[in-house]
Amino acid sequence: MLLKDGTNPRISYLNLGDSIGKAVRIFMELKIAIIPVLNREGGLLSIFSRSSLYRAILDGATHKDIIDPYLIHEVISISDDIPDDQLADFVKMSQVGSVPVVNREGKVVGLLCKANMVMTLFRHSELLNVQLKAILDSMHNGVIAVDGHGIVTHLNIGASRILGLKADTSLNRPFQQLLPKLDLTPALVKGEVKIGLRYRHCNVTMVVNITPLKIGGNIAGGIVIFQDLTDLEQAARELETVKALNKTFDTVLNIIHDGIIVVDETGKTTLINQAMADFLTLTPQEVIGKHITDIIESSSLHLVASSGIVETSEVLTIRGKPLIVSRLPIIKEGEVVGAVGKAVFPQLAEVRELAEKIRLLENKVNFFQEELQKNKTAQEIIKDIVGESTEMKKLKEEITLVASSRSTVLITGESGTGKEGVAHAIHLCSDRSQGPFIKVNCAAIPENLIEAEMFGYVSGAFTGAAKAGKPGRLEIANGGTLFLDEIGDMPMALQSKLLRVLQDREFERLGSTKTIKVNVRVLAATNKNLYQGISEGEFRADLYYRLNVINLHLPPLRERPDDIQPLTQFFITKFNKILKLNVSGIADNAMKTLLNYSWPGNIRELENVVERAVNYSRSGLLLLEHLPDQLLNSSSRENPLSVGKIRHQEKIAGIERNMIVRALEKAGGNKTKAAKLLNLSRSRLYDKLDKYNLKY
């Protein structure tokens, strides 16, 4: 603010009853023209000025007399938050040399000296002048400023370049002498604005704009702006060249027999040639702007546009016709900005022959894969499940028994214990092994989408629905197995519909009244206590009893330590193959550390630990140094150095347990509300309830 620069913060104050001598000392020390006089509350009451002192002297007062008879009570003051424009007007109009500056509380914070303020305004004006000159000189267009008499006051670099004028010989000269064919009279006399005047000077054609400058309603000068048309004409010529190239490009695209379609990075179609449009029996206008999957449902061109991975020579059947399709990303400055799809139509005999050979090879591969799967016995599938503990041996026997059944199975156990693997093994050992195995993660799919994912929808069922509709997971799983993972997180509205499927094996797509019958076996899994969900009204009891026909429970890894060593070796072999490394095994002390750890994340955590260790080891044995800190800290409990840390962790656990108890009490036992108070998910809260053995 300008006020800050022009205000003198060095002030002293007087009070009623102070002597004239005190005022004289303040005048001599601070060299100020007025002294604020404050009331008992510290607010501004009046001022004692130099003229007050002169009147006192003329009255014969001495330095011992008080100031009260000579105070000026009609005080002019200004606020410390006054805007700059109002401050400038005040300085121009004010008749006094100094005024107090007060804050919002009425306290005096300084004195504004008119002379200091004038110098501040002058410096500010100089700064603005320098900034304006720099801005004008950075402009590409030419700018000439004149005063009210038409005398040139400024000529920027652009004007020198375009008009061939020099600033040192042009300033302070009449504009009419420099550019006699350009009349400024309408602007300087009548205040008229002239826009788009065509003007030629020194073989340069330009467009000129003339604008008058007004101060206080009076014309004080004008601004003349020159734009060289040479640049515009060059841009126009380049535009014509681009138009010609586009025409050539369009002709080339439409003369070739291959189909071409282009999408941007979001998968929206931006270009299609006539050959591709004819094949799709659509016009280019019907294609441009639509997502590629709305045009070709099986297309993966949008995936190439997001991943940047090239896909070449793939045989794809579109509308019953085999095509050889290639997809290439469009790279701009190192970033993927779209993708091009090219389709070779089976018009040539050699192309048809190649497509036929590829299709035959694919059929052979599929046949051999199916035969191989058929030859894999249930015993071999069960053998692939890693585990030597008594619990896992019993579980394998149960899988063999229930696989031949058609009853629903509920698989329970903590997160990471391998529930999905058990479900897959049941499917592979059953007579449905040749059918699909479809997984639905009830916790991962948003609540507003899970119904459409489960049951599918017809065209127009909701905003954004695919034009041709879409089958749901239930429909896709027909003849096979549907695996409902995290069933405890399924919304209540969907639970009643699932109950009907389990009872009647039929459902309707969203937006349809047509009943679809399915032959599907349902497997479900959860890491939650569904009894608690039933008591809290979050899970239907009738659905629970329909799901829990057969229950398979996977104990946590900490309860079956005999499985840790074989699982560790299995993961070492797995990551050796994936990472192409040569880790031979694990050292005894490292294995002991794994056996002593509680594994809250179960098999999934063990797999992550082994993957990390294999990455660090690369070859030879996995050592203690390759294991993460949480395992090493856990295994060092008998080390005196770790006792303090363990006690600290126990203290934190106690605090956390108390917080959970208080939140549940505050929520009246409602776990959903308690989870929100603790900023936890419901599943995370249930984990902590189990951890601290809290029964609510």
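**Figure 1. The second largest pocket of the predicted model holds about 780 Å³ of space.** A pocket is an open set of points on a 1 Å grid over the protein atoms alone, where a 1.4 Å probe fits, with protein on both sides within 12 Å along at least five of seven lines; lining residues have an atom within 4 Å of a point. Its volume is the space filled by probe spheres set on the points, which are joined across faces, edges and corners. Among the 31 lining residues, Gly418, Lys419, Glu420, Gly421 and Val422 are the closest to the centre of this pocket. Two or more lining residues come from each of helix 17 (390-403), helix 18 (419-429), helix 24 (564-579) and helix 26 (602-617). Helix 18 gives the largest share, 7 residues. Helices (H or I, at least four residues) and strands (E, at least two) are DSSP runs, numbered from the N terminus.

**Figure 2. An open sheet of 3 strands has the order 2-3-4, with mixed pairing.** Two strands pair if DSSP finds at least two bridges between them. Strand 2 (14-15) and strand 4 (44-49) are at the edges with a single partner strand each, so one side of each has no neighbour in the sheet.

**Figure 3. Strand 2 runs parallel to strand 3 (residues 34-38), and 2 bridges join them.** Leucine 14 has valine 37 of strand 3 as its bridge partner.

**Note on the model.** Residues are numbered from 1 along each chain as its sequence is written, and side-chain values use heavy atoms, without hydrogens and water. In this predicted model, local features need pLDDT of at least 70 and side-chain atom pairs count only at pLDDT 80 or more, whereas totals for chains, interfaces and linings use all residues.
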